[in-house]
Amino acid sequence: MMLNVNEIIDKYYQPGTPLHQTLLIHSTKVRDKALECIRRRSLEVDTDFVAEAAMLHDIGIFRCNAPDIYCTGELPYICHGIEGRKLLDKEGLPRHALVCERHTGAGLTVEDIRNQHLPLPLRDMTPQSLEEKLICYADKFYSKSGDIREEKSLERVIRSMERHGADTLRRFLDLHALFG
C-alpha cells in the first residue's frame, strides 16, 4: 500500500498557499523525472518508494529562510535536508528521511561540510541506495524558483555543479552515468 504523501505534506504546509503549490509542483516534477529514468533505464528499484520519497524530499524547506520561494523559517536553506530528515523520522519514515538528508547538491561529504563551513552535522550525507541516488539526480533538473515547471538542460545542471567544485561535479556525472 502506498503512503499518502499528500496527507504528510498537508500536515506541514497550508494547502492553497504559494509555498504549498511550489513544493507540490517541484516535488511532482522530480518524481516524474525519477520515474522516467526508471522506465528508460529499466532500473530494478522500489518504484513506489521512489515516488513517495521524491514527493517528500523537500518537506523541510519551510523551516528555512528562503523568501524567494515563500519559506520564512529561521535556518539557512542548506539545512532543509536535515530538517526534512527530522520531520520524517518523527513520522516513522526513516528510509524516506534519509532521502531528505542525502539529496542536497550531489550529496555532501564530511569534507564538503567542513571545508565550506556548512551549518550541518559532520557526517556523510551522500546518497547511498540506488533510490536515493535517483532522487538526488532527478532533483537537479528542477528549481523551486523562476520557472519551476521547466526542466533544466544537462549543460545548465553541469554548470551549476561545477560551481560547487570538481568533487561535486564528479559525483553528479557519476549519477548521470547511472540515470541519464
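1. A quick convention to start: buried means under 20% relative accessible area, exposed over 50%, and partly exposed in between, with a 1.4 Å probe and protein chains only. By that rule E131 counts as buried, because its relative accessibility is 11%. E131 sits in helix 7 (residues 130-139); helices here are DSSP runs of H or I with at least four residues, numbered from the N terminus. Not counting residues up to four places away in sequence, E131 touches V45, D46, F49, V50 and R95, where contact means heavy atoms within 4.5 Å.

2. Some background on the model itself: it is predicted, so local features need pLDDT of at least 70 and side-chain atom pairs count only at pLDDT 80 or more, while totals for chains, interfaces and linings use all residues. Residues are numbered from 1 along each chain as its sequence is written, and side-chain values use heavy atoms, with hydrogens and water left out.

3. Leaving aside neighbours within four places in sequence, T168 is in contact with A106 and M161.

4. On to helix packing. Helix 4 (residues 80-90) and helix 5 (residues 94-102) pack at about 170°, with axes 7 Å apart; the axes are lines fitted to C-alpha atoms over the stretch in contact, and angles run from 0 to 180 degrees between N-to-C directions. The two helices are therefore roughly antiparallel, a label for angles over 145 degrees. From helix 4, G81, I82, G84, R85, L88 and D89 meet P94, H96, A97, L98, C100 and E101 of helix 5.

5. Now the open space. The largest pocket holds about 730 Å³, and 33 residues line this pocket, with Y77, G105, K140, S160 and H164 nearest its centre. Helix 8 (154-162) and helix 9 are the elements that give two or more residues to the lining, and helix 8 gives the most, with five.

6. The structure holds one cavity of 30 Å³ or more, a cavity being a set of points where a 1.4 Å probe fits but cannot get out. I78, G81, I82, E101, T104, L108, L120 and M125 line the largest cavity.

Notes: On a 1 Å grid over the protein atoms alone, a cavity is a set of points where a 1.4 Å probe fits but cannot get out, and a pocket is an open set with protein on both sides within 12 Å along at least five of seven lines; lining residues have an atom within 4 Å of a point. Grid points are joined across faces, edges and corners, and a volume is the space filled by probe spheres set on the points. Angles under 35 degrees count as roughly parallel, over 145 as roughly antiparallel, 65 to 115 as roughly perpendicular and the rest as oblique.
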